[in-house]
Amino acid sequence: MAVILNIEASTEVCSVALSESGEAFFKRESHEDRSHAQVLAPFVEEAIATADSRGMKIEAVALSCGPGSYTSLRIASSTAKGVCYGREIPLIAIPTTKIMAVPVLFRDDLPEDALLCPMIDARRNEVYATIYDRALNTIVETRAEVVTSDSFTDILDKQPVYFFGNGAEKCSTIITHKNAHFLDKHKHPLAKWMMPLAERAWLDEKFEDIAYFEPFYLKNFIATKSKDLLKTP
């Protein structure tokens, strides 16, 4: 299996991991908010040095592509592209919400029909949310959601949904449906959870056009929403 450099910097936490055959042999994390500009490049340099010292060739860079912080994603995207150009290797983009769902799948208390809803905070009562089944098939595409007591009721009426992420806590007092479950853990995506998704993308040759690739910014939602409000009569 390919050696993949995994970069996750879409939220407050910045992390890097090197993986091969489903195992991470290098991991670094910073949980200090707004530290990405200071720590990401050293993390990546250390990861590359580790691979080089072992005679291992990094064959792709996997990047958490958002939604997420504009500044953080710009830093991560520029870093990932630089490594890809410099080493002439492909870029893999993985949705941030899908990465968030990976550790939840390891829980032993999930019903067979459970759906997973990672939420990323977009301020006030707004979140970015995606709904996946336990095979990580997308049930509801990533969308901006202004959370109300009626949010997701069409799905909650049918089966249990597990909400988590840094946007979920503020929703727990708003969404009170009996099938709504909120998890305290798994607030942030981490590079170490990218490994199975990155390896699958590698096998399927799902690579990005490095020159034209752009992450999914929360900023884009704010701009689009403002335009929509201006159009409202």
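Trainee: What share of the 233 residues is buried?
Mentor: Buried residues account for 50% of the 233 in the protein chain. Buried means under 20% relative accessible area, exposed over 50% and partly exposed in between, with a 1.4 Å probe and protein chains only.

Trainee: Where do the numbers come from?
Mentor: This is a predicted model, where local features need pLDDT of at least 70 and side-chain atom pairs count only at pLDDT 80 or more, while totals for chains, interfaces and linings use all residues. Residues are numbered from 1 along each chain as its sequence is written, and side-chain values use heavy atoms, without hydrogens and water.

Trainee: New topic. Which residues of helix 1 are buried?
Mentor: They are His-36, Val-39, Leu-40, Phe-43, Val-44, Ala-47, Ile-48, Thr-50 and Ala-51. They cover an arc of only 165° around the axis, which puts them on the same side of helix 1. The arc is that of the directions from the helix axis to the C-beta atoms. Helices (H or I, at least four residues) and strands (E, at least two) are DSSP runs, numbered from the N terminus.

Trainee: And which are exposed on the other side of helix 1?
Mentor: Ala-37, Gln-38, Glu-45 and Ser-53.

Trainee: What do the buried residues of helix 1 pack against?
Mentor: Strand 1 (3–8), strand 2 (14–20), strand 3 (23–30), strand 4 (58–64) and helix 2 (70–87). Contact means heavy atoms within 4.5 Å.

Trainee: What follows helix 1?
Mentor: Gly-55, with a positive phi near 70°.

Trainee: How many helices and strands in the protein chain?
Mentor: Six helices and 10 strands.
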